[in-house]
Amino acid sequence: MSLKPKLVLTSIFFICLGSVVRSQEYAMSFEVLAQATGLPMDNAQISIRPCNCGGITNRSGRFSINLPENTYQVTISFIGFKDDIRTVVLDQSQIIRVQLYEEEEQLSEVVVRAKRVLENIETPQMGALKLTSQELKKIPAAVGEFDVLRGMTLLAGVNNAGEISNGISVRGGSLDQNLVLYDYAPVFNPTHLFGLFSVFTPDAISSVDLYRANIPARYGGRSTSVLDIKVKNPYTDKFKLNGGVGIVSSRLSLETPIIKDKLLLNIGGRAGFTDFLLPLFSERLEDTKANFYDGTMKLLYLPTENDQISFTGFYSKDFYQLDLITQIENINASSNQYDFQTLNGTLNWIHTFGDESNLRNIFVISDYTPKTIFPERDSNNDIVFESRINYLSFISEYSKRINDRLEYYGGIQANRYNIEPGNLDPGTGNSIIPVTLESETSYEFAGFGNVNWNATEDLTISAGLRFNHFVFVGPYTQATFDENSGALLSTQFFEKGAGVKTYNGLDPRLGINYKLGETMSLKASYARLNQYLQNIYNTTTPLPTSRWKTADPNIEPQQSDSYGLGFYKNLEESGVEIGLEGYYRKSKNNLTYKPGADFFLEEFLERDVVQAEGEAYGVELSFKKPKGKLNGWFNYTWSRSFLRSFNERLADRVNNNQQFPSDFDRPHVFNGTINFEGDKYNTWSFNFTAQSGRPYTVANSVFALEDINVPIFLERNNARLRPYHRLDFSWKVKYGRNPNRRWVGDWTFTIYNVYSRRNPLNLYYAQRQDGVDADVFLGSPLGTYELSVLNSPLFAVTYNFVFD
């Protein structure tokens, strides 16, 4: 072969080789997250130059494209967030994790999400309320504290029992009928400081979702609602510190990468020492003491592009002392001291497949230990009553998005409940007999599934089903009582692990949404829920007489059937969202105490409780304006909530088996919250709430016993306290004009109960001395006195800061 052909072949070879090298392509993959919440951002825009290509992220916040080796300028953008502009040298396949920050000059802190503007119109989920951490921070709360539960009570259909209450009531349900989850772990006592504040570490919260109607099938175990609180993921590439110093509490949290892009940490804590504040609430709280603290930690491990493993730890502790109650079960105490402790842990592994599906496995442990201490009068001895709930759970859930019209999920859940009802330790005293109540163990196994289907352009259906299998096991002592006298006849003992009682429950869930136009829709819902764990109490405050109890041979699971119908309209020009919802809930096996019950140390609890039928119904009207300088919401609720017993024995009847209002019956409730954001440095917020007074029981007559006048109660909840209303105000001041500063601070000034409304908490009876208050009580042998917690406005100031 001559030299010339060889040169030609060689040239062709190198040209082809160069072409192959130049055409070498690599994958450029993106994961886009909201920095404030750590949640994936769907529909984020990705623009790439010089190829003038790009696209949008999917629901997992991900986008991937193959490009030739080169240097590219990439811009990631999303409405309401700062653009992220970066240079990428693409010489190998790589994953780029991006966090988008909200615009500093954004007037409203409510996050605007593309494709979610008409979520209240398009989704078949009814009765769902959602608050972001940004929205919660704008609500004026008691003494300057950002609080989840108080924020929820400003929404339609959600109430508490007054200034001091141990949780929330949703649509007339009792406190224990709400499943409160903190990163999938149940919280059995969600309040600090006598119920004034919630236990959740404020800076750790990502979002709060409340479900009241067709509750998704993945949730079970409570008969009224689910409050799902999520802890934000620590998606961060640098150290960040934030906190606050206030009158009630001080807090500090930090986010930092431990191993860049692999292992990330978010940890925060809060402590409150409020003894000096309590006399401001009421003169009766002068000798009251209280302190609390809580902490949340979340570790996030990203081993691969498709795997996320996280661990959330939560700890909460309260100690406070009251002298309002001095004698329980013949214990002569100088005061009552309460020590509540919660320790939770959640291990969560999410594996994402490439076909719009993922598998989530969750292991949960929750341990709640309430303790009551009675310091004996004229003695150094302490009498201690302690109980405990230990909860274990495993959840495995697979979800898949088939297309824009169809998605589903399904899974299994296994729970174990271990309850120690109470142990009374008399200490060194010899006047009190030690008591150890028998522990209870039960298991709950469930399978669930849910399908969301866009049947037509206007019709969307969400259908779910949950099957529950509940088993109560020994050790257990089953008692038999005489039907007429109630006397104990015999007992039967079941060994540890032996099956005692089994219950099966089928919980269908259905939501239907029909769009009447682009900005208007009609919804209907149905849900059945079974509840196997319940709390028995005869007061709305967190006192030691409260006891947790699982279903057993004598106490059947609670069950409710809820129906709902709603109309929704968005006004495009003003940005106002209008909602009108009506609901009806029929329930059975609601636990309430018998007349004269005292179940504090009762061995056989069924002696002191009855299971009643319940009925709740109402209409909720709401207006919400989430954006603009002037934003907020108003809502009005008309509702009723009743109970009725059906006991044969006269001594066991409640209200003589006639229907009576439940403790959470509030016929009229109005809430209004207004935020005025005058500029980017000042935000003024007002909140007003008004509602019908809480039902309480008035004595029907009085009889004398050994020169002591004793009231007789024949009817329950036969009167109401005065109406409750209150106005709160807050002013948030941001300062500093340098946008590049690393330390950013702001001040929040709060006035709680602006016009000094003396809202009644309760009424109590006291023996009258001759002639005392004769102009008020006339000839009555007993005096009725009103107890209020707040008698004047509460002023507070909090300094908040962020350093990154």
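I call a residue buried when its relative accessible area is under 20%, exposed when that area is over 50%, and partly exposed in between, with a 1.4 Å probe and protein chains only. I note that this is a predicted model, in which local features need pLDDT of at least 70 and side-chain atom pairs count only at pLDDT 80 or more, while totals for chains, interfaces and linings use all residues. Residues are numbered from 1 along each chain as its sequence is written, and side-chain values use heavy atoms, with hydrogens and water left out.

**Entry on Leu643**

I looked up Leu643 and found it in strand β40, residues 630-644, where a strand is a DSSP run of E with at least two residues, numbered from the N terminus. With a relative accessible area of 15%, Leu643 is buried. I then listed its contacts, meaning heavy atoms within 4.5 Å, and, leaving aside neighbours within four places in sequence, Leu643 touches Asn590, Ala612, Glu613, Gly614, Gln658, Gln659, Phe660 and Ser662. I also checked Asn655, which is 12 residues from Leu643 in sequence and 9.8 Å from it in space, C-alpha to C-alpha.

**Entry on Asn657**

I placed Asn657 in the loop between β40 and β41 (660-661). Asn657 counts as buried, at 14% relative accessibility. When neighbours within four places in sequence are set aside, Asn657 is in contact with Arg644, Ser645, Phe646 and Asn647.

**Entry on strand β16**

I asked how many residues of strand β16 (residues 225-231) are buried. The count is seven of the seven, so β16 is largely enclosed by the rest of the structure. Ser225, Leu227, Ile229 and Val231 point one way from β16, whereas Val226, Asp228 and Lys230 point the other way, and all are buried. I then turned to its partners, taking two strands as paired if DSSP finds at least two bridges between them. Strand β11 (residues 178-182) runs parallel to β16 and is joined to it by five bridges, with Leu179 opposite Val226. Strand β15 (residues 205-211) runs antiparallel to β16, with six bridges between them, and here Ile205 stands opposite Val231.

**Entry on an open sheet**

I followed three strands that form an open sheet with mixed pairing, in the order β4-β1-β7. β4 (62-68) and β7 (94-100) stand at the edges with a single partner strand each, so one side of each has no neighbour in the sheet. Between β1 (residues 25-34) and β4, which run antiparallel, I noted seven bridges, and the bridge partner of Phe30 in β4 is Phe63.

Key:
Helix = DSSP H or I, 4+ residues; strand = E, 2+ residues; numbered from the N terminus.
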